[in-house]
Amino acid sequence: MPYDYARSPIQTFPSTSSHTPASAISTTRSLSATYAPPDWPGERPRSWRRGFKFKSGISSLLFRSKSVSRQPDASTDSARLNLASVLRHDKSVILDLRRSQHLLIIRALDRPVVANDLMQPSTNPPTLFMRLYHSRLPWYIDIMPLTNGSYVTLEDVFVTICQFLAGSIRREDYYNDELDAQDREELKRAWESRCNNRKERMEGVKRVDFLQEKCMFQGLSRGKNGMWQLHTGKAQS
């Protein structure tokens, strides 16, 4: 795939405020933020979940901070809910999270997926809320009833995940103290690999690029503190 060297993955990001967070406002900090180079690392984004580290493997374990435990609500606690078989961590579906949820394939079906296939509850008993996390994503993915307003359906899960990951990252997600030059280069390579044309490159780095080569949906499993862990894997060549 030809690469447009004149285009940086960061140039298409929306501009951000030049002042520091309200909790740290000062004349000196405001002026330094105003005159700092655009690629100067900043503070860790507040939208990132606690304990996230971009590094994988041993290095991530060495610097991982302990998360604060909480008492999950009984109606949303993953420990008390059973996942629909399609969502289990057993490769029941084929879905490239870099693409549209409309390309979903359910292996058990001998036909294309239709809307009615995705109307069933995502859990038993049905739940009003699911919070997902992935070791490579600095954000939580919160899923609420969108289809019927009563409980989270399979459609809600797939639509929310794909649409959330399709969102462009902010400048502070790319330039911050948590990511070094090598980390940003890995994100850039993921961006290059995902984009098939100039239009896609113009949209810049997206949240899904944090997954890098592990972009195929491989189901959910019960996670910590009543949440659900999102699993992904490499695309088969």
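**Entry 1: helix 3 and the strands**

I looked up helix 3 (residues 154-165) and found that it lies across strand 5, strand 6, strand 7 and strand 8. Helix 3 runs at about 145° to strand 6. For such angles, axes are lines fitted to C-alpha atoms, for helices over the stretch in contact, and the angles run from 0 to 180 degrees between N-to-C directions. Helices (H or I, at least four residues) and strands (E, at least two) are DSSP runs, numbered from the N terminus.

I noted that this is a predicted model, where local features need pLDDT of at least 70, side-chain atom pairs count only at pLDDT 80 or more, and totals for chains, interfaces and linings use all residues. Residues are numbered from 1 along each chain as its sequence is written, and side-chain values use heavy atoms, with hydrogens and water left out.

The open sheet has 4 strands in the order 6-5-8-7, with mixed pairing. Strand 6 (141-143) and strand 7 stand at the edges with a single partner strand each, so one side of each has no neighbour in the sheet. On average, neighbouring strands are turned by 30° against each other, direction ignored. Two strands pair if DSSP finds at least two bridges between them.

**Entry 2: strand 8**

What does strand 8 pair with in the antiparallel sense? I found strand 7 (residues 216-222), over 5 bridges. Here S221 stands opposite Q229. The hairpin of these strands has 5 residues between them, and N225 takes a positive phi near 55° there. Strand 5 (residues 130-133) runs parallel to strand 8, joined by 2 bridges. L132 stands opposite W228.

I also checked burial (buried is under 20% relative accessible area, with a 1.4 Å probe and protein chains only). In strand 8 (residues 228-233), 5 of the 6 residues are buried, so the strand is largely enclosed by the rest of the structure.

F158 touches F217, among others (contact means heavy atoms within 4.5 Å).

Conventions. Buried < 20%, exposed > 50% of the residue type's maximum accessible area, 1.4 Å probe, protein only. Lists of a residue's contacts leave out its neighbours within four places in sequence.
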